[in-house]
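Biologist: I'm new to this one. Can you put the sequence and structure up and walk me through it?

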Amino acid sequence: MRDGSGARLGVVGGLGGGGHREIAADGLSIIQSGSVSVMYSHQSTLREGMDLMTTHPSLAGNVVLVTGAGNGIGRAIAQRFASVGAIVAVNDVDRSNADSTVAAIAEAGGTAMAVTADVSNAASVASMIESVLAAHDRIDVLVNNAGLVEPMLHFFEADEAWWRRIVDVNLTGHFLVSHPTARIMARQGGGCIINMSSGGATRAHRAFTAYDATKGGIEALTRAMALDLGPYNIRVNALMPGSIDTSGLAVEQRELRGENVPLGRIGEPFDMTGAALFLASDDASYITGDVIKVDGGMLAQQRSATVDIKPPSDFPAIADL
Ligand SMILES: NC(=O)c1ccc[n+]([C@@H]2O[C@H](COP(=O)([O-])OP(=O)(O)OC[C@H]3O[C@@H](n4cnc5c(N)ncnc54)[C@H](O)[C@@H]3O)[C@@H](O)[C@H]2O)c1
């Protein structure tokens with residue numbers, strides 16, 4: 001059986017005992033929760049170097065600008081757009097990161113260009129937009145992905161410079177890139193903007209005051225932009241990633257984080273890409289001002305599985321249903 005997120009579920013057998021998890025040699029993580037044993041496939045990591053698979057009818061040939069696409073979620077989204085025939089402008093503040101994403105896309109048969117810029121700097125953004133227009137003459141989709149998490153500081157350790165840097169990159173960066181891009185889209189007859197929120201917009205992380213405030217701001221910005229830009233046929237939505245492993249966590253950390261997720265595993269960058277494609281496509285032509293959660297169910301839960309009143313280890317075995 002395959003669920004919507006791409007994780008493969010299969011009952012291994014009626015196994016007693018408390019919650020226990022193993023990673024098998026084939027990359028499957030076998031979770032034995034009391035009498036239920038579930039296999040989660042981490043197949044999404046296997047798609048890192050995905051080949052050009054098929055073209056998407058409403059995205060092939062589109063020019064897509066993805067910010068912060070030199071690593072993690074942005075890189076996966078850039079690769080996925082390229083895999084369906086879009087032309088991708090790969091932005092990052094770090095040139096070598098951007099170049100490495102472009103090389104991966106080219107190797108898979110896609111089309112991409114690197115555009116280095118700091119999204120928090122208006123002049124830098126202007127020259128990035130100029131380069132994209134000089135090469136492709138249009139921008140159909142903008143994915144405002146660039147964001148800073150670090151450094152994490154307790155409220156009492158924080159200072160004004162920390163606050164301003166995180167707000168500048170995460171929130172002001174969304175505005176600075178969207179502003180000229182939306183004007184181009186309006187002149188073209190329309191476009192699509194995807195902003196990058198976080199669970200922190202709704203429920204806080206410890207030591208993330210500036211980050212969480214920017215993510216709340218991004219969700220409000222998304223709704224406000226959707227209203228102002230709707231008449232120009234520009235749709236504006238946001239994605240809300242859950243816990244996505246973009247830094248290569250150790251196996252133990254992945255497992256620990258996964259236990260807090262209703263789908264039983266931490267997310268991979270590839271998990272974010274389907275929703276991005278959907279929002280940019282004609283299939284989402286009547287969706288704007290919305291936030292799509294891609295979090296394995298994290299925000300849907302009140303307590304984590306490990307401390308809930310009836311934990312998954314007490315769930316009925318499928319064999320008994
Ligand atoms: N990873 C998660 O679990 C998670 C969860 C919720 C939200 N998000 C959001 O998703 C987005 C991507 O996260 P990630 O984990 O892939 O991040 P990452 O740190 O792995 O990658 C971010 C990329 O952005 C680039 N960047 C940083 N500052 C920039 C700037 N000023 N201008 C241009 N590029 C810049 C970095 O060089 C890096 O390549 C962020 O907005 C983040 O807040 C991530």
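**A first look at helix α4**

Modeller: Start with helix α4, residues 160-188. It has 29 residues and reaches 40 Å from its first C-alpha to its last, close to the 42 Å expected at 1.5 Å a residue. That expected span is 1.5 Å times one less than the number of residues. Helices (H or I, at least four residues) and strands (E, at least two) are DSSP runs, numbered from the N terminus.

Biologist: What should I know about the model and the numbering?

Modeller: This is a predicted model: local features need pLDDT of at least 70, side-chain atom pairs count only at pLDDT 80 or more, and totals for chains, interfaces and linings use all residues. Residues are numbered from 1 along each chain as its sequence is written.

Biologist: Back to α4. Where does it bend?

Modeller: At Thr-172, by about 45°. The bend is the angle between axes fitted to the seven residues ending at a residue and the seven starting there.

Biologist: Which α4 residues are buried?

Modeller: Among them are Ile-166, Val-169, Leu-171, His-174 and Met-185. A residue is buried if 20 or more other C-beta atoms lie within 10 Å of its own, exposed if 12 or fewer, and partly exposed in between; C-beta atoms are placed from the backbone.

Biologist: What do they pack against?

Modeller: The partners include α3 (122-136), β8 (191-196) and α5 (209-229). Contact requires C-beta atoms, placed from the backbone, within 7 Å.

Biologist: And α5, how many residues does it have?

Modeller: α5 has 21 residues. Its buried residues include Tyr-211, Ile-218 and Leu-229. Their cover includes α4, β8, β9 and β10 (291-294).

Biologist: Zoom out. How many helices and strands are there?

Modeller: Seven helices and ten strands. The chain has 321 residues, and buried ones make up 40% of them.

Biologist: Which residues have the most contacts inside the largest nonpolar core?

Modeller: Ile-77, Ala-78, Phe-81, Val-88 and Val-90, in a core of 66 residues. α4 gives this core its largest share, seven residues. A nonpolar core is a set of buried Ala, Val, Leu, Ile, Met, Phe, Trp, Tyr and Cys residues joined through C-beta atoms within 7 Å.

Biologist: What does Val-88 touch?

Modeller: Not counting residues up to four places away in sequence, its contacts include Val-64, Ala-78, Phe-81 and Ile-105.

Biologist: New topic. Which residues are closest to the ligand?

Modeller: Gly-68, Asn-71, Gly-72, Gly-147 and Thr-246, out of 28 that surround it. The cut-off is a C-beta atom, placed from the backbone, within 6 Å. Two or more residues of this shell come from each of α1 (72-83), β5 (87-92) and α4. α1 gives the most, three.

Biologist: Is Asp-137 buried or exposed?

Modeller: Asp-137 counts as exposed, because it has 10 C-beta neighbours inside 10 Å. It lies in the loop between α3 and β7.

Biologist: What about Asn-233?

Modeller: Asn-233 has a positive phi too, about 60°. It is in the loop between α5 and β9. With 15 C-beta neighbours inside 10 Å, Asn-233 counts as partly exposed.

How values were computed:
Two residues are in contact if their C-beta atoms, placed from the backbone, lie within 7 Å.
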